[in-house]
Amino acid sequence: MSDGEKGGRGGFQTDLGFVLAAAGSAVGLGNIWKFPYITGEYGGGAFVLIYLACIALVGLPLLYAEMIIGRRGGKDVLDSMSALTAHSGLPGRLATWGVGLLAVGSGFFILSFYAVVAGWAVHFVAISLGLASSDASGSEATFTALAGNGGLSAWWHTVFMGLVILVVAGGVQSGIERACKILMPALMAILLALLAYVGVTGGLGSSLAFLFEPDFSKVSGEAVLEALGHAFFTLSLGMGAMVTYGSYLQSDRHVVRDQLAVAFLDTTIALVAGLVIFAVVFSMGAEPGAGPGLVFITLPDLFAQIPGGAFVSLAFFVLLVVAAWSSGISLLEVVVALGVDRFGWSRKTAAIGIGLLVWALGLPSAFSGEFLDFMDNLTTRYMLPTGGLLIALAAGWLLTTEDREAGFAALPGGGAALAATWTFTIRFVTPVLVLLVILHGLGVF
Ligand code: TRP
């Protein structure tokens, strides 16, 4: 058995491979499409600061919790939770089944609409290559014609799901790890090239000021909750994606360092994407608060007017597709791992079978924007936070101290102070903050 084949179920061959795959999961439409537009809507710098605080107080503690549960449990999310919490009796069983069901549901639901949005990005790649035509009357019309055309949206959704299934069927090491080792460096290279471009063509100064000079008069309770919810989504938390990837990790040694690397990459890439996008927006005198259409309407409009715009547009939308691809892979992998580990299905059968079901579930989202929003809200506002709450409570209160602190114990010097800080946070701070997100979602305040 090679190193990469722990227990015969596959695994990441290298530590770098794990970091890139987990970062690939985290960096997605959330970073390049959603983060810039919500930052624009909530007024910039102050929102960014709040978001960073949420990453620290909710994101990092949960990321460690998920990775260590996977690493110690060594199986898909349901079986890992079960292995580590069974000794606690009923609370353990409730947490296990709650998280397991939410994970499968979220995997299906999120990927189903995520693939439709990612499919739109593929369409814009096709436009940039001259393979599809844009509407002569402007970007707004182009986007409306795409999103309003169920057949066309479904076609690109199909293409995207095909790409995702292909990689997941290939296995952890020769599919996921290999793909992410190419996709993530490519993504960073494109992003840096775009940053260099706006550095030369202007707008970077206003963009920096917008993102990093906080104006707290624009902060509302609403903004805080939005930032908290987004911290979740952007780090792929609350549905066992990081549990599943953690289960393919070889040792406890690097869990803490790796989770910091993943959070750092995710945050940096979101900020750089924001810098690039707002530089383009400000250099053309456009509005930062354009909402969800920022990437699909405002940007293409601006690309059409700038020097070398067609090429910049191509680079940008390839970036978006690549980011979404490695995230889609992790969403499918959560459910596939469960089929393989628990039901003994072959990886290929599981990837294709489950992938086809997700594809079918995505069709209503391709044909109806309202259905897409419904899926988005259901998962982001309710299912992920509930899953995250259960994972935080299980990690903080049900795991044995040895399992809980394994990643810190592996640090030079034993990491006792860090372990104590983390334990306190995951027991008290994270659950309370996540509960606030859930109550807000329910309209309690
Ligand atoms: N983190 C991804 C993004 O920012 C989306 C994502 C992938 C995700 N896997 C997930 C979100 C699992 C929640 C749970 O686009």
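His157 is buried in this predicted model, because its relative accessibility is 0%, where buried means under 20% relative accessible area, exposed over 50% and partly exposed in between (1.4 Å probe, protein chains only). The residue is found in helix H7 (residues 150-169). Helices here are DSSP runs (H or I, at least four residues), strands are runs of E of at least two, and both are numbered from the N terminus. His157 touches Ser112, Ala115, Val116, Gly119, Trp359, Gly362 and Leu363, leaving aside residues up to four places away in sequence. Contact means heavy atoms within 4.5 Å.

The model is predicted, so local features need pLDDT of at least 70 and side-chain atom pairs count only at pLDDT 80 or more, while totals for chains, interfaces and linings use all residues. Residues are numbered from 1 along each chain as its sequence is written, and side-chain values use heavy atoms, with hydrogens and water left out.

Glu333 is placed in helix H14 (residues 309-343). Glu333 counts as buried because its relative accessibility is 0%. Its side chain makes a polar contact with the side chain of Tyr248, at 2.6 Å. A polar contact is a pair of N or O atoms within 3.5 Å; within protein, one must be able to donate a hydrogen and the other to accept it, and residues adjacent in sequence count only if both atoms are side-chain atoms. Tyr248 is also one of the residues that Glu333 touches, not counting those up to four places away in sequence.

Gly339 is buried, since its relative accessible area is 2%. Not counting residues up to four places away in sequence, Gly339 touches Gly344 and Trp345. The C-alpha atoms of Gly339 and Leu361 are separated by 18 Å, with the two residues 22 apart along the chain.

The ligand is surrounded by 16 residues. The closest are Ala26, Gly30, Tyr114, Phe233 and Ser236. A side-chain N or O atom of Tyr114 lies 2.6 Å from an oxygen atom of the ligand. A side-chain N or O atom of Ser236 lies 3.0 Å from a nitrogen atom of the ligand. For Ser330, a polar side-chain atom is 3.3 Å from a nitrogen atom of the ligand. The protein covers 100% of the 360 Å² of accessible area that the ligand has on its own. Accessible areas come from the Shrake-Rupley method with a 1.4 Å probe; for residues, only the protein chains shown count as cover.

Ser236 is found in the loop between helix H10 (221-234) and helix H11 (241-246). Ser236 is buried because its relative accessible area is 14%. Its phi is near 60°, a positive value in a residue other than glycine.

The largest nonpolar core has 162 residues. Such a core is a set of buried Ala, Val, Leu, Ile, Met, Phe, Trp, Tyr and Cys residues joined through side-chain atoms within 4.5 Å. Val295, Phe296, Phe316, Phe317 and Leu320 touch the most other members. Phe317 touches Ala121, Phe124, Val125, Ser128, Val295, Phe296, Pro300 and Phe303, again not counting residues up to four places away in sequence.

The structure holds zero disulfides, a disulfide being a pair of cysteine sulfur atoms within 2.5 Å. Cys180 is buried, because its relative accessible area is 0%.

Notes. Near = heavy atom within 4 Å.
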